[in-house]
Amino acid sequence: MNLSHGTPDDEFVARVRESAHAAVPASTLDLDSVLRSSRRKHVTRRASVTLAGTLALATVGAGAAGALPGIPGLWGNSQVEVAPSAEPPSIMEGEVDVDPPAPTPTDIPSPEPETRLAYLAPGVRTVAEPATYRVDADTVVLDLGLDAGGGDRYLAVVTLAKIDGHHSATDLEVLAGGDTALANLREGNLGGTLLWRGVTSDAMVLPADGGPALVFGFSSAATEGTQHLVFDDPQTGGAAGAQGAPASPGTDAPPAGASIPVTPFDVLGDGSVWMRVLQVDRETAEPRGFVYSKQGTWSASWCRSTSPECAVIHDVAGKTVDTPQAAAPAPVVAELAPMLAENAEANEVPAMETCVAQRTGTDWTAPPQLTGKSFWQAPAGVNADVWRLCLIDLSEALQLASTGEVLPDGGVSPKPATPSPKPTETPEDEDPLGLGALLEGLFGG
């Protein structure tokens, strides 16, 4: 879920109304039949690139490795010339030591790419650079290198398209798997347990055993503005005191409500497709979302552990994937939503004023010159962590307001869960939400 703000002023409202999550209706599909139809479509899509992808990888691998040791020139660019040598000594005369020829540049195999991880804070690790494998012109496989439990690690498949001469991500699959799964994915085949499918700026995989959360999404370029990972700081009854603070955080661990700067990685190395991938120990702090800002522009994306639109629960032992039960929004978000439902543009500054006052336990009032276009930086006297958290609160509240989830009495409620119908066989073209892909189980490796 995300919201961006720039110019003109009405972009504040327009961007959130274009949110994919706001437009997606509740599903009434039978998940078992959807899963079957999705798997058929998924296999068909991947099978179309299997032959070409495998052939390309095989050719590159053979050429880089020099084919067979001791046979120079195979797959080379020039003709092989073999000159006669002196008559070799007879084997009967004794052993013959044969030195292998010195390797040429084409004989030296290219090193396998490596994943680089970095700790941003105790309990918070980021993928600084994934091991990247190009399957074909439109597909990239990423080894994220983060532990997914059960001996697996997180992998990703990014589908690309060229738009206006630049690459853009059109599909993302996040999976759990090992070396076999990675090898299958690199050949354009199925592999691993599919955990998430869909392009988003913020989503989470939550291990059912309470293990570290995987937080990921596509992002703006690292060279444009600043980006922060924001940690949740829920409140009860509008009180200023933070709830859910870590029981025993490590030294310098981010407390509830804090935020830390993050740097996305360049998927292709050409500055066109950027991703954020982090793993957060939930005993340290609960991830809430990301805030991006540069002069005159800001955006916020969020995903709660109780948001079925953007979070999945991964049972590592059972190799199953489920969605969390929707929960009521935080009290401060519920207070802001009716203000924005009434008139979002007119009330964006009063809403921020209310949020900061609630979260600081003060009677803070906004300076006269404050407008939505200046939300990209915290006003003088306001803690930047509190400000970024309020940007997410405001974005989530506006999302609720835009989807009509504000009740007549001024309250808000999550969308009710819709029960699935009795199992039926669903045709392949009746999975518009892609739920089958999201819930797909183990297929190889």
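Colleague: Which pattern do the disulfides of the protein chain follow?

Modeller: The disulfides of the protein chain follow the pattern 1-2, 3-4, with bonded cysteines counted along the chain. A disulfide here is a pair of cysteine sulfur atoms within 2.5 Å. This is a predicted model, in which local features need pLDDT of at least 70, side-chain atom pairs count only at pLDDT 80 or more, and totals for chains, interfaces and linings use all residues. Residues are numbered from 1 along each chain as its sequence is written, and side-chain values use heavy atoms, with hydrogens and water left out.

Colleague: How many disulfides does a search of the whole structure find?

Modeller: The search of the whole structure finds 2 disulfides. Cys 303 and Cys 310 form one of them, with their sulfur atoms 2.2 Å apart. Cys 355 and Cys 390 form a disulfide as well, their sulfur atoms being 2.2 Å apart.

Colleague: Is the disulfide of Cys 303 and Cys 310 right-handed or left-handed?

Modeller: The disulfide of Cys 303 and Cys 310 is right-handed, because the torsion about its S-S bond is about 105°. Both Cys 303 and Cys 310 are buried. Buried means under 20% relative accessible area, exposed means over 50%, and partly exposed lies in between (1.4 Å probe, protein chains only).

Colleague: And the link of Cys 355 and Cys 390, left-handed or right-handed?

Modeller: The link of Cys 355 and Cys 390 is left-handed, with -95° about the S-S bond. Cys 355 lies in helix 5 (residues 331–360) and Cys 390 in helix 6 (residues 384–402), so the pair ties together parts that are 35 residues apart in sequence. Helices (H or I, at least four residues) and strands (E, at least two) are DSSP runs, numbered from the N terminus. Both cysteines, Cys 355 and Cys 390, are buried.

Colleague: At what angle do helix 5 and helix 6 pack?

Modeller: Helix 5 and helix 6 pack at an angle of about 150°, and their axes are 9 Å apart. Axes are lines fitted to C-alpha atoms, for helices over the stretch in contact, and angles run from 0 to 180 degrees between N-to-C directions. Helix 5 and helix 6 are therefore roughly antiparallel to each other; angles over 145 degrees count as roughly antiparallel, under 35 as roughly parallel, 65 to 115 as roughly perpendicular and the rest as oblique.

Colleague: Is the crossing of helix 5 and helix 6 left-handed or right-handed?

Modeller: The crossing of helix 5 and helix 6 is right-handed. A crossing is right-handed if the near helix is turned clockwise from the far one by less than a right angle, and left-handed if anticlockwise.

Colleague: A change of topic: how many salt bridges does the search of the whole structure find?

Modeller: The search of the whole structure finds 16 salt bridges. A salt bridge is a side-chain nitrogen of Lys or Arg within 4 Å of a carboxyl oxygen of Asp or Glu. One of them joins Arg 116 and Glu 129, whose closest N and O atoms are 3.2 Å apart. Arg 116 lies in strand 2 (residues 116–121) and Glu 129 in strand 3 (residues 124–129), so the pair ties together parts that are 13 residues apart in sequence. Arg 116 is partly exposed at 47% relative accessible area, and Glu 129 is partly exposed at 38%.

Colleague: What do the side chains of Arg 197 and Asp 171 form?

Modeller: The side chains of Arg 197 and Asp 171 meet in a salt bridge of 3.0 Å, N to O. This pair links distant parts of the chain, with Arg 197 in strand 8 (residues 193–197) and Asp 171 in strand 7, 26 residues apart. Strand 7 covers residues 166–177.

Colleague: Is Asp 171 buried or exposed?

Modeller: Asp 171 counts as buried because its relative accessibility is 12%. Arg 197, at 27% relative accessibility, counts as partly exposed.

Colleague: Which residues are linked in a network of salt bridges?

Modeller: The network of salt bridges links Asp 232, Asp 233, Arg 288, Arg 304, Arg 359, Asp 393 and Glu 396. The side chains of Arg 304 and Asp 232 meet in a salt bridge of 3.1 Å, N to O. That pair links distant parts of the chain, 72 residues apart: Arg 304 is in the loop between strand 16 (297–302) and strand 17 (311–315), and Asp 232 in the loop between strand 11 (226–231) and strand 12 (259–261). Arg 304 is buried, with a relative accessible area of 11%, and Asp 232 is buried, with 12%.

Colleague: Lastly, how many residues apart in sequence are Val 291 and Trp 376?

Modeller: Val 291 and Trp 376 are 85 residues apart in sequence and 9.2 Å apart in space, C-alpha to C-alpha. Val 291 is found in strand 15 (residues 287–294) and counts as buried, at 2% relative accessibility.
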